[in-house]
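Colleague: I am new to reading protein models. Could you walk me through a few features, one at a time?

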Amino acid sequence: MTDNTDDSQPAQPTAFELVGGEARVRELVDRFYDLMDLEPEFAGIRALHPPSLDGSRDKLYWFLCGWLGGPDHYIERFGHPRLRARHLPFSIASSERDQWLRCMAWAMEDAGLPEALRERLLTAFFDTADWMRNRPG
């Protein structure tokens with residue numbers, strides 16, 4: 001049998017690396033929550049969060065680092081994310097999903113992520129956000 005593996009090919013960069021590492025993920029998360037706090041179109045999802053967004057910022061930052069292929073800060077602190085179970089107490093329908101996605105798309109654009117990367121991430125974000133819906137509509 002012939003070995004068809006080609007060890008000379010460099011590994012493809014992770015989304016975490018393409019975003020720009022921890023500092024850029026933090027910038028993205030901070031912009032996301034700044035927009036959520038400032039823009040009236042995101043009032044629906046803002047209302048699902050506590051008055052201070054500090055804890056939410058940290059949790060999304062820790063989660064995204066690992067989700068994008070970087071350090072597993074969230075898992076180290078809390079174990080498996082169990083995203084759907086953790087979001088069940090919150091009423092999430094298509095409207096909340098779409099607000100979240102629009103806010104993240106805007107944050108990625110403001111953070112200067114390349115368009116191809118934004119599109120790739122938005123597709124993955126949509127799949128996850130759609131799975132989080134727990135009520136009709």
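Colleague: Is Tyr74 buried or exposed, and at what relative accessibility?

Modeller: Before that, a word on what you see: this is a predicted model, where local features need pLDDT of at least 70 and side-chain atom pairs count only at pLDDT 80 or more, while totals for chains, interfaces and linings use all residues. Residues are numbered from 1 along each chain as its sequence is written, and side-chain values use heavy atoms, leaving out hydrogens and water. Now the general idea: buried means under 20% relative accessible area, exposed over 50%, and partly exposed in between, with a 1.4 Å probe and protein chains only. Tyr74 has 9% relative accessibility, so Tyr74 counts as buried. Phe63, at 15%, counts as buried too.

Colleague: How are the rings of Phe63 and Tyr74 arranged?

Modeller: Rings of Phe, Tyr and Trp (its six-membered ring) pair if their centres lie within 6.5 Å; planes under 30 degrees apart are stacked, over 60 edge-to-face, and the rest tilted. The structure holds nine aromatic pairs. In the pair of Phe63 and Tyr74, the centres are 6.2 Å apart and the planes stand at 90°, so the pair is edge-to-face. Phe63 sits in helix α4 (residues 54-67) and Tyr74 in helix α5 (residues 73-78), so the pair ties together parts eleven residues apart in sequence. Helices here are DSSP runs (H or I, at least four residues), numbered from the N terminus. Both rings belong to one aromatic cluster, whose members include Trp62, Trp67 and Phe78.

Colleague: How do α7 and α8 pack?

Modeller: Axes are lines fitted to C-alpha atoms, for helices over the stretch in contact, and angles run from 0 to 180 degrees between N-to-C directions. Helix α7 (residues 94-110) and helix α8 (residues 115-132) pack at about 160°, with axes 10 Å apart. That makes α7 roughly antiparallel to α8; the cut-offs are under 35 degrees for roughly parallel, over 145 for roughly antiparallel, 65 to 115 for roughly perpendicular, and oblique for the rest.

Colleague: And which word describes α2 against α7?

Modeller: Their angle is about 130°, with the axes 8 Å apart, and that makes α2 oblique to α7.

Colleague: Last one: which residues does Phe42 touch?

Modeller: Contact means heavy atoms within 4.5 Å. Leaving aside residues up to four places away in sequence, Phe42 touches Leu35, Met36, Gln99, Arg102, Cys103 and Trp106. Phe42 is in the loop between α2 (22-38) and α3 (43-46), and at 0% relative accessibility Phe42 counts as buried. Phe42 and Arg102 are 60 residues apart along the chain, with their C-alpha atoms separated by 8.6 Å.

Methods:
Helix = DSSP H or I, 4+ residues; strand = E, 2+ residues; numbered from the N terminus.
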